[in-house]
Amino acid sequence: MTTNQGNLAGLSRFVFRAPSWYSSVGFALLIAAAVGVAAFDSRFVFEDAWEGLFYIGLPTVAASVFTPYVDRKLGGQITRNQASLLALACELVTIAVVMVAAVVAVLTPLGQAFVVDTLLVALASIFALRLFVIMAVSRQRLPVAAAAASIQTGSAALLLFVYSGTMRYLEWGGPIARAFLFRADEAPERIAEMQYIDPGKFAILAALCLIYAVAVWLFLTVIDQPWQRSLGVSVLDFVRGFIGHVAEGSHELEAFFEDIGEDALVPVNVLSFRRPEGGEKARFVLPMLHPGPMGEIGGGNLPRRIAEQADGLAFPPHATAGHDFNLVTEREVDTVIDTAETAYQRIEYHATATKSVRVTEGEATLTGQAFGDSAFLASTFSPQFADDVEYAVGLSAVSEARTGDLTDVMLADAHNCNNGLEGEDLGHVVPGSKRSFDMIHGASEVGQRLAAASDGPFELGVAWDETPWEPEEGIGPLGIRVAVFEVPGSNGEPGARQTAKQSDGAGGQQTAYVFVDGNNMVPGLRERIVSRIDAVDRLEVLTTDTHVVNTMEAENQVGDAIPEADLVALIADLVDRAKADLEPVEAGMESEQAQVTVFGNDRTEMLASTANAAVSMGAPLAGAIITAALAVSALIFLVASI
């Protein structure tokens, strides 16, 4: 993940799940009652509270109830929860503005007329706010969105019309109309002070709403231009999908990604282990894809989906691929799973394996082990910080590893040391960098050593724990999985435990691969796990890079939230359980290509940079437009008062 991508993902902290509609409405009515007690001055407190509920809370309730109904009738999709939260926010804005205006009216000679004018500005402002949100969430054209956006302002204006005595200025309407539309005598004293607001004020309110609607349209048009030019899509599609996913759990963001996606061919490697008498014991599945972008959008939950399809215990390592190889929709995962199943059906099994080898080349450390004529490799740059390895770098490293006469190579990015989003260099391993050549040369050395190594019968033991931790703490639904391979000594019998330095010699060897369902690890944690667990000769820790842990946080690494001692203790226990599960197995690997739609080359960076540019220019642009709109409002009031 680059800095731009991290900044974009970090925007999720500003989005939250909307509370239930009845919670928002209940809180709005409570606020209305409290303001009624403070603002109105009748003989009874409960009467003041009732008047607050009626005059302040009623427009909020009307907006909460009718906004989703009207919006959906017109083809929108705003939910009751979203509509109620929006109505509550607008109520709070109106109350705050009017209270400030009341204080100013008391301290200055502006008087009650200033409060009325400010109230009109507040009502027009909440119309603009509602219009902006509804256009963003429901992706409606401005004239259509205005129907639902005007409900709260219209309800408040109707109450003001009826209880301020405006009908007195009008010549139309008989006794029945006046009975319903002229109730100034029933208004509380505070509203009575506003009595006889002439119809011109409501014409001004209509004019302000029109001006503010134009301001909203202008803001959205200007902010949308970079998106249209660079990506050919609208920012509102992205905003609607982003908010819908984070706040409501919807998958609408996938439609946006489909519009910018590109077709790609990706290798899907399957390494299966079965018992000699039949029955799969474990399966490693590695598609050359990135499990993103976030939550369960696209391939964000790819590791779990892969694990659900295996007969044996599944191990889904992270591939050497970055965010450009995110799947655009969750449907694409089905294609990957079908391709993996095709590869699995073609596997030919072998009863031999080599001991594992470990090579350090520059900053890259690669651990590999051959099974039959194929091999599994895991690469890490720990203790140096690193993030995703580019697709081209991974393919080059695999090609180099296969020069050692290995038929197939599964190369995993261990993804086990990063410092989050700190600093300018987030450790992305790109073509042409020194790290890329470290990894490529290291893979070549591992391939040659494995091809030259002796092999023999081997055993496999596995263990799994879902763990007590949740995605919010950095651990996904697959928990922690451990595979321990034991290769006997030269006498054909499992040898006594050797030290790591002895493990490439004539004695037996046990190698453990620890898979943590998370997105990278805090710096140094991998080294501490490796050093503290001495029950095997060699151990490597890998994370799956699942993005279900990144719904609300751009960085949520293993070790950020959970106690390190508890994590190490659980891994040590799983290693012991896997050793107790050791039994003879056969292994085989096959590879197939899947045609899927991914984000595409440089699309992720383009999306991130465009979004960040829009955010950076959005605040100044909004400030300028709001200032201009308020200036025009002041001019209207000035002209109307002449």
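Predicted model: local features only at pLDDT ≥ 70, side-chain atom pairs only at ≥ 80, totals over all residues.
In which helix is M617 found? M617 is found in helix α19, residues 603-641, where helices (H or I, at least four residues) and strands (E, at least two) are DSSP runs numbered from the N terminus.

Residues are numbered from 1 along each chain as its sequence is written, and side-chain values use heavy atoms, with hydrogens and water left out.

M617 belongs, with L210, V214, W217, L218 and V222, to a nonpolar surface patch of about 530 Å². Patches are made of residues with over 30% relative accessible area and no salt bridge, like charges being joined within 9 Å and nonpolar side chains (Val, Leu, Ile, Met, Phe, Trp, Tyr) within 5 Å; a salt bridge is a side-chain nitrogen of Lys or Arg within 4 Å of a carboxyl oxygen of Asp or Glu, and accessible areas come from the Shrake-Rupley method with a 1.4 Å probe, only the protein chains shown counting as cover for residues. Helix α10, residues 199-230, gives the largest share of the patch, five residues. M617 itself counts as partly exposed because its relative accessibility is 32%, given that buried means under 20%, exposed over 50%, and partly exposed in between.

Strand β1, residues 262-274, runs antiparallel to β15 and is joined to it by 13 bridges, with F273 standing opposite A587 in β15.

A further open sheet has five strands in the order β13-β12-β11-β10-β14, again with mixed pairing. Here β11 (residues 480-487) and β12 (residues 509-516) run antiparallel, joined by eight bridges, and E486 stands opposite Q510 in β12.

Finally, some backbone details: most residues other than glycine have a negative phi, and most peptide bonds are trans. T467, in the loop between β10 (459-465) and β11, has a positive phi near 70°, and T467 counts as buried because its relative accessibility is 12%. N520, in the loop between β12 and α17 (525-532), has a positive phi near 65°. The peptide bond from S382 to P383 is cis, with omega near 10°.

Terms used
Buried < 20%, exposed > 50% of the residue type's maximum accessible area, 1.4 Å probe, protein only. Pairing = 2+ DSSP bridges.
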